[in-house]
Amino acid sequence: MALALPDLALDYTLRTVALGAMLLGLSSGVVGTYAVLRRESLLGDAMSHAALPGIALAFLLTRSKETAVLLAGAVAAGWLGSLLVNAITRTTRVKLDSALGLILSVFFGFGLVLLTFIQKQPDASQAGLDRFLFGQAASLLRRDVMVMGIGTVAVLLAVLLLWKEFKLLVFDPDFARVLGLRVRLLEVILTSMIVLAIVVGLQTVGVVLMSAMVVAPAAAARQWTDRLGLMVLLSALFGVVAGMTGALVSSLTPRLPTGPTIVLVVSGLVLVSLLFAPNRGLVWNWARERARRGQVRAEGMLRQLAALAEHHGSLEHGHPSAVLRASGWSADQVVQVLHDLESAGYVRQVSADRWAITATGMARVRPATEGDDLSDGAGHPAASRPEGTGEGQS
Amino acid sequence: MTAPQIEIQLIAAIVAAACALPGAFLVLRRMALISDAISHAMLLGIVVGFFLTEDLNSPLLILGATLTGLLTALLVELLNRTGLVREDAAIGLVFPALFSIGVILISRYAGSVHLDTDVVLLGELAFAPFDRVVVTGWDIGPKGLYAGGVILLINAALIALFYKELKLATFDPGLAAALGFSPAAIHYGLMGVTSLTAVGAFDSVGAILTVALFIAPAAAAYLLTDDLARMLFLSVGLGVAAALSGYWLAFLLDASIAGSMATMAGVIFGLAWCFAPERGLLAGQRRRVRQRWEFAQRMLAIHLLNHERQPGAEPELQVEHLWQELRWDREFATRVVSLAEGRGLVTRQNGRLELTDRGRLLAQESLLA
């Protein structure tokens with residue numbers, strides 16, 4: 001970092017790229033939170049693909065390569081795409097998934113028709129629209145970053161101004177409706193924000209992979225927190241980190257497309273979050289599960305020892321660890337658990353490999369059994385099987 | 001038409017038909033987006049397979065890519081089952097990652113292999129006729145035709161063989177599971193077929209546009225019929241129509257064939273959406289209009305029934321009076337009366353309306369209902 005920073009400060013291209021990627025991560029991270037929570041992760045996929053014909057049409061109509069013009073076309077097409085998805089699901093029995101897939105692929109196909117059509121035009125041999133397919137961070141100009149900045153500011157403003165409304169819309173749309181909020185309008189605003197965020201990132205990530213920037217940072221952030229505010233901040237942070245890392249690496253490495261690089265970085269963040277996030281993470285879960293299983297095992301062993309002690313009518317009689325092997329525990333596991341129980345004071349080692357339960361252990365296993373024969377009888381049948389085999393061996 | 005033109009159209013039509021068959025089940029089982037994920041992620045399998053075999057038509061490559069497709073479906077399922085992300089997000093996480101690895105591999109080694117992003121993404125149907133199958137010196141046609149044909153046959157045979165099981169598992173998964181058809185077997189079977197088809201189709205239409213051929217014809221057919229068998233045939237027919245019309249659109253514009261096919265598939269869906277006999281927008285609109293007139297005629301009949309035998313109700317029975325009483329404008333009232341007259345619900349004498357027996361019956365029925 002110490003090496004990279006002076007470069008960043010000096011190099012105009014790198015500074016532009018970093019700034020653009022930061023804006024991209026910021027806007028899609030924030031907006032993605034809402035899309036993911038509303039189970040609309042793939043709306044972004046449809047809208048980013050749908051943006052392609054908008055870019056091509058904007059170029060065909062204006063003959064301008066100005067980013068603002070092309071992105072305006074992208075916004076219009078993305079919007080139209082989301083409108084059509086909505087109309088299809090509302091007026092036909094075609095479900096959301098089919099509607100999204102349909103709009104995504106048909107719009108993208110039409111975009112390709114227009115792109116190939118443009119390429120064959122004599123006056124537009126190098127329209128440079130290809131960069132919108134997979135993104136090209138190195139082609140970002142300061143003007144482009146200005147346009148992206150405006151989009152990002154619009155998204156952030158909407159989130160700040162409508163914070164409470166969006167929160168309600170995400171978690172309890174019915175309640176929002178009852179309160180008299182204009183849910184339809186809010187949904188339209190949210191959709192527009194997703195379109196805006198996608199368009200902000202198009203030049204850097206490209207239409208094919210832009211949807212990942214909407215889903216991944218939010219999905220990663222979700223693992224670390226249960227609070228909306230924190231999730232938005234984390235998601236934005238992940239987006240910014242992934243965007244900047246990916247964009248810088250790809251613009252410093254020849255023949256490394258920006259979009260896929262950013263997506264791989266953000267996928268890595270998701271993987272780490274899924275595995276290691278406290279409370280929800282898989283590793284965390286696994287450790288907790290393991291601890292719980294150990295506890296159940298120790299509890300079971302203590303019960304066996306208690307049953308044996310009751311059977312012999314004394315706490316002095318030691319039992320070999322082999323007696324206690326049940327339900328597939330290995331000898332090592334049994335001894336390990338016995339040592340754990342010993343250090344907790346529930347079990348004592350009478351002689352080499354002879355174990356007996358202590359009074360403390362008895363009190364823990366049978367807290368309410370003093371003079372109570374009923375519960376003793378109830379506990380007995382289940383515990384009698386290992387006891388029987390133990391009898392034969394000892 | 002030249003021979004290559006005919007061959008291109010044949011390949012396009014066969015690929016479209018092969019896609020439409022599993023597509024119908026994808027649409028019905030709400031798995032359309034998994035096909036999107038599969039066809040994107042397959043890119044990785046194709047690239048890796050290509051690096052290993054250096055031959056785009058090698059059976060090993062096709063096997064590898066198909067397995068990648070299955071792996072995608074499996075990963076989505078696994079991720080979904082952790083409970084940490086929902087299914088939509090799981091799809092959105094898995095395929096971009098796999099696709100990205102594929103794209104990066106292609107761009108890094110673009111110089112050394114004959115495989116570039118455009119071909120994989122967009123396919124190049126126009127070159128398909130140049131890739132021939134030659135058996136003992138005899139040219140027996142383009143490879144794409146055979147690859148597509150084999151996949152179409154496999155799909156058709158599997159669907160014919162497991163038609164009952166697929167039908168049951170699609171429309172009543174609970175009953176199917178209770179009867180002992182493993183939902184997992186059917187799910188992954190369909191995913192396998194989808195992957196294989198996508199591998200076969202990617203060559204000609206590219207990774208992204210296979211989705212159009214999977215979904216658009218099937219979704220259009222879904223709007224046209226309620227019968228599964230008919231839907232399958234319709235999907236195939238519409239897919240072929242999209243392929244052929246797409247080819248000619250591309251010819252006209254001198255543009256991407258695959259893109260044009262996807263566009264035409266969309267146009268066909270749009271037509272079905274608007275004009276489907278029962279479920280189309282137009283049919284719905286006409287039904288609403290018809291219901292409006294029908295409702296008005298019933299209102300008229302009920303109005304007349306209410307006032308029929310009342311003393312002093314004479315003015316109520318005048319046509320002139322209706323537009324005040326029922327708050328209809330004059331034009332609408334006249335239209336309703338003449339419609340009702342035409343149906344034999346009322347008779348008119350000197351501007352005075354009288355219910356016929358039929359009209360009375362209708363009014364009474366309406367009130368009872």
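The model is predicted, local features need pLDDT of at least 70, side-chain atom pairs count only at pLDDT 80 or more, and totals for chains, interfaces and linings use all residues. Residues are numbered from 1 along each chain as its sequence is written, and chains are lettered from A in the order in which they are written.

The buried residues of α15(B) are A333(B), V336(B), V337(B) and A340(B). These fall within an arc of 100° when seen down the helix axis, so they line one face of the helix; the arc is that of the directions from the axis to the C-beta atoms. An α-helix has 3.6 residues a turn, so residues three or four places apart point the same way. G344(B), with a positive phi near 75°, follows α15(B).

In chain B, S182(B) lies in the loop between α8 (173-178) and α9 (183-205). S182(B) has 13 other C-beta atoms within 10 Å and is therefore partly exposed.

The contact involves 47 residues from chain A and 51 residues from chain B, two residues being in contact if their C-beta atoms, placed from the backbone, lie within 7 Å. On the chain A side, α5(A) gives the largest share, 16 residues.

Technical notes: Helices (H or I, at least four residues) and strands (E, at least two) are DSSP runs, numbered from the N terminus. A residue is buried if 20 or more other C-beta atoms lie within 10 Å of its own, exposed if 12 or fewer, and partly exposed in between; C-beta atoms are placed from the backbone.
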